[in-house]
Amino acid sequence: MTSPASGTDVATALPDYAPVPRSAVGPALNDQGYYVGRVERNLYWVTDGSYQSAFLTTKDGVVLFDAPPSIGGNIRRAVDEIASANGVSNKVTYLVYSHHHADHAGASSLFDKNVIRIGHEETRRLLLRDNDPARPAPEETFGDRRTLKIGGERIELAWRGPNHSPDNIYIHFPDHDALMLIDIVNSGWAPISICNLSEDIPGYVAAPAIALAYSWKHFIGGHVTRLGTRDDVTLHQQYMADIDASVRKALVSVDPTPFFQKYWDNPWAAVSALFDAWTDASAAPVIEKYTGVLAAADVYTRSTTFWVMESIRLDLGYGSYVHP
Ligand SMILES: [Zn+2]
C-alpha cells in the first residue's frame with residue numbers, strides 16, 4: 001500500500017517553466033481579488049487575473065458584457081465602485097453574452113430577472129440545450145449583425161462564422177475605440193490547451209484578421225491580466241502562422257514508416273507515436289522562438305500545435321494520401 005502524496009511532494013514533482021515576461025503582466029488586484037479599470041470614457045473592464053469582463057455605464061443603466069463565474073460577485077462590486085465614484089446608476093439593465101461557455105457566462109444568474117439578456121441565436125439554442133440555471137438563455141437574439149443603442153451608446157454585435165465556439169461574436173465599441181473578442185487572443189500569453197479549447201480551427205486562425213479589420217485601439221480578449229493592443233493581436237497571428245509553417249514542414253519530413261514497422265499489429269500505437277513525433281518536431285522551433293516573448297509558450301505551444309496539425313491534415317487535407 002502506498003500513502004497518498006502530500007501537497008509538498010506534488011509541488012516538488014511539478015515541472016518548472018520559463019519566467020513570465022513583464023510584458024504579460026497587468027495591474028495588481030485589490031484586496032477583494034479584482035481590478036477594475038477604464039478602457040475609454042464610460043467603458044470599463046474587470047479582471048481577476050485570469051478572466052475579464054466589461055461594462056458600460058449609461059443613462060439607461062449598466063450594460064454588462066459577460067459574467068465569468070471566477071470574477072462572480074466582484075463584478076457587482078466593480079460596477080458599484082465605478083458607479084458611486086462617477087455618480088451614475090449601478091443598476092445592471094442589460095447583459096450581453098460573447099458566447100455560451102460557462103466559464104464566461106456562469107455568473108449570469110447573479111443578476112436579477114429584470115436584466116435583459118442579449119446574445120447570438122446560436123448562443124440561445126446552446127444555452128437552452130445545456131439547461132444550466134447559472135446561464136439563462138438570452139431573450140433577445142440576432143443572426144449576423146445587430147446594433148445596440150442603449151442610453152446613447154452604440155455597440156455593434158457581429159457573428160462572422162464559428163471559431164473558438166460556434167456562437168462566438170465580435171463586440172465592437174466604435175465610440176470607445178475598443179473591440180471585445182473572447183477566447184481567441186490572450187494578450188501577452190500563448191493560447192491555452194488546443195488553441196484556447198477551440199472547436200473550429202480554420203475559423204480560429206482567421207479570427208484575428210477579422211478583428212484587425214475593425215477600427216479600435218483597446219482589445220478585450222477575455223483572459224489574463226491586461227488589455228491588449230493591435231500589436232498583441234498581430235503577434236498572436238505571427239505565432240499561429242509560425243506553428244502552421246512548422247507543422248507543414250514536419251508532416252512531410254517525419255517518415256511514418258518506422259512507426260508502422262515497429263507497431264505492425266497495433267495501428268493505434270503507431271498513430272499515437274507518429275502524432276507525438278510530428279507534434280514535437282513542429283512545436284520545437286516555435287517554443288524556442290516565443291519563449292520570453294509570449295508567456296507560457298513553453299507550457300502550451302505543444303498542445304496548440306497538435307490541434308493545428310490535426311486541422312491542417314483533416315480540415316485542409318494537407319499531406320492526404322490516396323491509396324492507388
Ligand atoms: Zn469559451
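User: What makes His-99, His-101, His-164 and Asp-183 the protein donors of the zinc ion?

Analyst: In this predicted model, the donor atoms are NE2 of His-99, ND1 of His-101, NE2 of His-164 and OD of Asp-183, and they lie 2.1 to 2.2 Å from the zinc ion. A donor has to be an N, O or S atom within 2.8 Å of the metal, so these atoms count.

User: Why is the site of the zinc ion called irregular?

Analyst: The angles among the four donor atoms run from 86 to 173 degrees.

User: How are the donor residues spaced in sequence?

Analyst: The pattern reads H-x1-H-x62-H-x18-D. His-99 sits in the loop between strand E5 (92-96) and helix H3 (102-105), while His-164 is in the loop between strand E9 (153-158) and strand E10 (170-173), 65 residues apart, so the pair links distant parts of the chain.

User: Is His-164 buried or exposed, and how do you know?

Analyst: Its relative accessibility is 2%, and buried means under 20%, so His-164 is buried. His-99 is buried too, because its relative accessible area is 0%.

User: What lines the largest cavity?

Analyst: Its lining includes Ala-18, Pro-19, Thr-291, Gly-292 and Asp-298, and the cavity has a volume of about 30 Å³. The lining residues split into seven nonpolar, two polar and one charged.

Notes: Residues are numbered from 1 along each chain as its sequence is written. This is a predicted model: local features need pLDDT of at least 70, side-chain atom pairs count only at pLDDT 80 or more; totals for chains, interfaces and linings use all residues. Side-chain values use heavy atoms; hydrogens and water are left out. On a 1 Å grid over the protein atoms alone, a cavity is a set of points where a 1.4 Å probe fits but cannot get out, and a pocket is an open set with protein on both sides within 12 Å along at least five of seven lines; lining residues have an atom within 4 Å of a point. Grid points are joined across faces, edges and corners, and a volume is the space filled by probe spheres set on the points. Ala, Val, Leu, Ile, Met, Phe, Trp, Tyr, Cys and Pro count as nonpolar, Asp, Glu, Lys and Arg as charged, and the others, Gly among them, as polar. Donors are N, O and S atoms within 2.8 Å of the metal (3.2 Å for Na, K and Ca); water is not among the atoms, so sites may look incomplete. Four donors count as tetrahedral if all angles lie between 85 and 135 degrees; four count as square planar and six as octahedral if opposite donors are over 155 degrees apart and all others between 65 and 115; anything else is irregular. Helices (H or I, at least four residues) and strands (E, at least two) are DSSP runs, numbered from the N terminus. Buried means under 20% relative accessible area, exposed over 50%, partly exposed in between (1.4 Å probe, protein chains only).
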